[in-house]
Every structure is written in C-alpha cells, then in structure tokens.
Amino acid sequence: MSYVTSLKCRECGQDYPISPLHVCETCFGPLEVQYDYAKIRAAVSRQAIERRPHNLWRYRELLPVEGEPEIGPCSGFTPLVRCERLGAELGIKKLYVKDDTVNHPTLSYKDRVVSVAISKAREFGFTTVSCASTGNLATAVAAHAARAGLNCVIFMPESVETGKIVGSTIYGARVITIRGNYDDVNRLCSEIADKYGWAFVNINLRPYYTEGAKTFGFEVAEQLGWRLPDHIVMPTAGGTILPKVAKGFKEFREVGLIRDGEFKIHCAQAAGSAPVVHALHKGTDLITPVKPDTIAKSIAIGNPADGFYVLRAVRESGGWGDVATDPEIIDAIKLLASTEGIFAEPAGGTTLAVAIKLIQQKRIKPDETVVVAITGNGYKTVEAVAQAIEQPCVIEARLKEFDALYERLGGSRRPLAGAA
Ligand SMILES: *Cc1c(COP(=O)(O)O)cnc(C)c1O
Ligand SMILES: [Zn+2]
C-alpha cells in the first residue's frame, strides 16, 4: 500500500526501519522518510489525484502512512486565492495567497502535519499523544487526538495567547504551560518523551510529522494548474514547513506530476525572532540562537531544530529572506484583511510584510507568479491587533445620533485603515 522504504539519516545516510525514531544513533542527525519514487511515478497521475476528496490525503502516495487514512478527513486542500486588489496595491500581476487560515479543524497549517503524525501514532500503537507547541500545534494535536480517541497532553510557553489555551483545553486535552520560552518547553519535552514513552508529534514522530507539511506545496502546484510559482514566501519557526514545501515541489517533478520548472523559496521571520534570516544575510551556516521577543508568537522559536535545512533550501533555490518588525506585521495583517478579506495571524503578517520587502528590493518582479503563505488565522490571536485598530463608534439607538455621527465621519465610506 505505501511507497515508504525506510528512515534515513540526513547527515550520514544510515538507514533505519520505520519506527518512532527521530535522530540517528551514530551521528545524531535527523531522520527522514524515504520513498520508492520510481514506483510512485508509475502509480500516480494528475487525473487520479483530481478525482479524490479535497483533503491532504489526495497525495497519499507521497505521505508515510499505511492503509486507509482516517485522521484529518477535512484537513488540507485550502484555497489558493488570486489577489487582484492586493496585487494592484503591490504592483504584482499574479499574486496569490495560500490560505491556511481556513484549514480544518483548527485554522492553521498544523492540521496538515498533525494529521500525518497522529495517523502514525495510531499505527505504532501509542495511546497518548503530546507536543511542545507555540500554540497552533497544541490546538491541532488536541482536536485530532479527540477525534481519534487518544489521550492528549499539551506543553506550551506560559506567554501563549488565551485563544490557544482555550482552543486546546476545550478538546479534553491536559494543558501544561511552562515558565519559559518555546526552547525551554522543547527541551523539557524531549526528556518527557524519553521517560514516559508518549508520542510527541514534533519530537519522536518528527520524521512523519514534517512530511505532512509537503502537502502545502503539493496543493500550490496543483492549484496553479500543475505548475510551480516563480516565488513562494514562507514563514520560518522551527524550520519544518519551508524545506518541506521545497521538497514537495521537487517530488512533484521527480514523479512526473509537473514538468521542469524553477521556483525561488523565500524565508520570512519576525525581527524579534530571526536567527535563520540573520545567518542567511551573514552568509553562514551557523545559526546563533536568540531569545524571541515578538507579537508573532506562533513563529517565536529562537533555536530552530531545522534552521540549517531552511538555509539550504533557500540558497539552493536562489531565494532570499527578510524580517518584519511588529509594526510591519500589524500593517500587513490590516492590508491583507482590508484588500482581500482574509484575517491572518501575525505569522501571516510576517510573510506578507517580507514579500513586500522582496518586491521593493526587486527580487520579485511585477510579472512573476508569487505565492504568499498565510499559515494561521487571526481570530486565534486577536490580542495582537486589538490595540492597533480603529475603535468602534458607540451611539444611542436614535436616528439623530447616527445622523450626527455620519456627518462627522464625512460620508458612508469607512476610511480604509492600513490600506495605505
Ligand atoms: C508552526 C507555524 C509556522 C511555521 O513553523 P515551522 O516550525 O517553521 O514549520 C508558521 N505559521 C504558523 C501560523 C505556525 O503555527
Ligand atoms: Zn547519521
């Protein structure tokens, strides 16, 4: 059924059987799932994929699960939105947003990776699933675990947004917040994973979990009419999604679903948590950890596990990267909302703000096809923008009061805050 052959160490190349392992026993390199691409090439076609349900499992041959997928039946296949108004604003003719604000069931890209990780947890016979999270992963693990009937324990930094605590606890998960940042949480969770034998989706199931992120890229390629974009701007936190989207594009070429085509992949980080972009700009492979300080909490990881692979994917593609300050992130959130009707969380504000910089730097040209990744929903992080928006006008329920207000506002058209 599956086309998976083994786990392989990305550094020394040693093979391991498919199991809940994530680092190489000899060199401590990360392990990655291997596939038999020749067999997949013979088995897949565009037409067969197009006939399948609109979820991430339409690319099942390139995902590491056995048997019929049952987790995440409504996850993935989110819209690729053509942005006419935003594109006009930025001077880009073919601008798209890949909109994971409406990924189901928890409104972020994490529903993709968790669907794969929890499928695997069930195959391996785990009864408790867990994760170290900056927030969105927590809500996704909690929701998918509930539906799968698994116990769930969530670890997050204490500073996480309320929506992410409520949005995990509601599913029956045990939520534990840690006095420390994400990197502290992650360190603790590695110890807990060893001692308690739970399935930590982003630690001991990491090789399977990360494969789910490829579907973001698969969908972009299919939705562009089985073509690659000239540019894609991706956020980076721990460094999962960016290299996996690049891998997804290359796999589609490898198995013949798309013809040759080049793409540039660009990395976006918040200025207050940008260790990867700093290394990229310095031209080094050495990522110096930072202490995160940004409103973009879901991407506030100061010591990214896969930062090196982000650098490699960006450089190999000829892409670039930049940072966005908190005010730039907020402006970009408002701009996307007021031009396209899409409310992104700060991670999305970060990618759009960085895309704007890449356009200004002329790294992205007006007639090229550009995809901006919007990976999470602003309704989960209202705190981030609540103070930065126009406050509502309050009046009594009397026509005269409204007349006076209307007069004062100078007509019916609301000033478009942020759409400068
Ligand atoms: C987790 C997350 C990311 C990216 O994280 P990686 O670890 O780099 O894959 C981006 N956006 C949102 C909203 C997230 O929750
Ligand atoms: Zn190794």
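Colleague: Is E316 buried or exposed?

Modeller: This is a predicted model. In it E316 is exposed, with a relative accessible area of 57%.

Colleague: Which residue does E316 form a salt bridge with?

Modeller: K250, with the closest N and O atoms 2.7 Å apart. The pair links distant parts of the chain, as K250 is in helix α10 and E316 in helix α12, 66 residues apart. K250 itself is partly exposed, at 35% relative accessible area.

Colleague: Which residues of α12 are buried?

Modeller: In α12, residues 307-317, the buried ones are G307, Y309, V310, L311, A313, V314 and S317. Their cover includes α10 (241-254), β11 (264-270) and α11 (275-282). Just after the helix, G318 has a positive phi of about 80 degrees.

Colleague: Back to salt bridges. How many does the structure hold?

Modeller: There are 25. One of them joins R112 and E219, at 2.8 Å from N to O. R112 sits in helix α4 (residues 110-124) and E219 in helix α9, 107 residues apart.

Colleague: Why does R112 count as buried?

Modeller: Because its relative accessible area is 0%, and the cut-off for buried is under 20%. E219 is also at 0% and counts as buried.

Colleague: What about E68, which residue does it pair with?

Modeller: E68 forms a salt bridge with R60, the closest N and O atoms being 3.1 Å apart. E68 is exposed at 56%, whereas R60 is buried at 19%.

Colleague: Which residues make up the positive patch on the surface?

Modeller: R82, K93, K94 and R227. R227 lies in the loop between α9 (214-223) and β10 (231-235), and is exposed at 54% relative accessibility.

Technical notes
Residues are numbered from 1 along each chain as its sequence is written. Chains are lettered from A and ligands numbered from 1 in the order in which they are written. This is a predicted model: local features need pLDDT of at least 70, side-chain atom pairs count only at pLDDT 80 or more; totals for chains, interfaces and linings use all residues. Side-chain values use heavy atoms; hydrogens and water are left out. Patches are made of residues with over 30% relative accessible area and no salt bridge: like charges are joined within 9 Å, nonpolar side chains (Val, Leu, Ile, Met, Phe, Trp, Tyr) within 5 Å. Accessible areas come from the Shrake-Rupley method with a 1.4 Å probe; for residues, only the protein chains shown count as cover. A salt bridge is a side-chain nitrogen of Lys or Arg within 4 Å of a carboxyl oxygen of Asp or Glu. Lys and Arg count as positive and Asp and Glu as negative; His and the chain ends are not counted. The place of a charge is taken as NZ of Lys, CZ of Arg, CG of Asp or CD of Glu. Helices (H or I, at least four residues) and strands (E, at least two) are DSSP runs, numbered from the N terminus. Buried means under 20% relative accessible area, exposed over 50%, partly exposed in between (1.4 Å probe, protein chains only). Contact means heavy atoms within 4.5 Å.
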